Amino acid sequence: MDVMEVGLGHSLGLVANEVGAVLDSVIRTDPVALARVSDLVAEAPRVFVLGAGRSGLALRMTAMRLMHLGLEVHVVGETTTPAIARDDLLVVASGSGTTSGIVRAAETAVSVGAKVVAITTDATSPLAELSGSATVVVPAAGKLDRSGAASAQYAGSLFEQAVVLIGDALFHALWARSGQDADDLWPRHSNLE
């Protein structure tokens with residue numbers, strides 16, 4: 001193989017094509033769930049986010065942008081994260097929908113009357129079943145799928161990329177809805193860097 005078949009440019013094209021296809025599928029498959037996610041975030045007194053590994057990093061990015069909008073947002077596991085309560089919202093991401101710590105957190109949220117939004121590859125997973133509020137199903141390969149059928153990328157990368165972009169799209173939709181301009185958001189950016 002030459003560099004045109006295995007180089008960075010080729011790989012970037014592959015990633016772009018896979019991400020585009022999976023997001024098109026998410027948009028077409030359940031636009032009502034996507035609208036519901038936006039509404040739930042906008043209406044929640046407080047938003048909590050949780051994911052493991054790269055999915056967790058993706059949701060941290062979303063939390064940062066929601067904070068820029070002026071929402072009260074917490075990353076589960078940080079020492080300053082308060083207890084979740086009735087009517088709060090927990091946004092979770094797990095490709096398999098079976099990650100034990102994430103499922104337990106969703107169970108806790110439901111038990112106190114909080115709402116749960118799940119982003120997962122499996123609409124029948126325990127996590128999806130707990131997220132009676134809204135589930136976004138991303139048709140991407142799971143971490144252990146090495147078949148290459150759903151994605152040529154390694155170990156759930158396509159799912160994690162989709163989580164990042166769903167989070168950015170959520171922010172953009174809520175920002176447009178808020179009527180704030182970039183100057184309104186800027187004072188909320190960190191100034192301790």
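In the predicted model, the largest cavity is lined by Val 37, Leu 59, Thr 62, Val 91, Val 117, Ile 119, Val 136, Val 163, Ile 166, Gly 167 and Leu 170. The space inside this cavity amounts to about 80 Å³. At least two lining residues come from each of α4, β4 and α7, and the greatest contribution is that of α7, with 4 residues. The count of cavities of 30 Å³ or more comes to 1.

An open space was examined next. The second largest pocket has a volume of about 230 Å³. Its lining consists of Leu 23, Val 26, Ile 27, Leu 34, Val 37, Ser 38, Val 136, Leu 165, Ile 166, Ala 169, Leu 170 and Ala 173. Here α2 (8-29), α3 and α7 each provide at least two of the lining residues. Helix α7 gives the most to this pocket, with 5 residues. Among the residues that line both the cavity and the pocket are Val 37, Val 136, Ile 166 and Leu 170.

The strands were considered as a sheet. An open sheet is formed by 5 strands in the order β2-β1-β3-β4-β5, with parallel pairing. Strands β2 (73-75) and β5 (134-137) stand at the edges; each has a single partner strand, so one side of each lacks a neighbour in the sheet. From one strand to the next, the twist averages 15°.

Strand β4 pairs with β3 in the parallel sense over 5 bridges. On β5, β4 (residues 115-120) has a parallel partner joined to it by 4 bridges. Ala 118 takes part in both pairings: in β4 it is the bridge partner of Val 92, and in β5 its own bridge partner is Thr 135. Strand β4 is mostly covered, with 5 of its 6 residues buried.

Helix α4 (residues 53-68) packs on it and touches β1 (47-51), β2 and β3 (89-93), with a direction at about 160° to that of β1. Helix α5 (residues 100-111) lies across β1, β3 and β4 and runs at about 165° to β3.

The buried residues of α4 are Ser 55, Gly 56, Ala 58, Leu 59, Thr 62, Ala 63, Leu 66 and His 68. The partners against which the buried residues of α4 pack are α3 (31-43), β1, β2, β3, α7 (157-178) and α8 (182-185). Just after the helix, Gly 70 takes a positive phi of about 100°.

One loop residue was also examined. Ser 131 is located in the loop between α6 (126-130) and β5. Ser 131 counts as buried because its relative accessibility is 4%, and the cut-off for buried is under 20%. With neighbours within four places in sequence left aside, Ser 131 is in contact with Val 116, Val 117 and Ala 118.

Notes
Residues are numbered from 1 along each chain as its sequence is written. This is a predicted model: local features need pLDDT of at least 70, side-chain atom pairs count only at pLDDT 80 or more; totals for chains, interfaces and linings use all residues. Side-chain values use heavy atoms; hydrogens and water are left out. Two strands pair if DSSP finds at least two bridges between them. Axes are lines fitted to C-alpha atoms, for helices over the stretch in contact, and angles run from 0 to 180 degrees between N-to-C directions. Contact means heavy atoms within 4.5 Å. Buried means under 20% relative accessible area, exposed over 50%, partly exposed in between (1.4 Å probe, protein chains only). On a 1 Å grid over the protein atoms alone, a cavity is a set of points where a 1.4 Å probe fits but cannot get out, and a pocket is an open set with protein on both sides within 12 Å along at least five of seven lines; lining residues have an atom within 4 Å of a point. Grid points are joined across faces, edges and corners, and a volume is the space filled by probe spheres set on the points.
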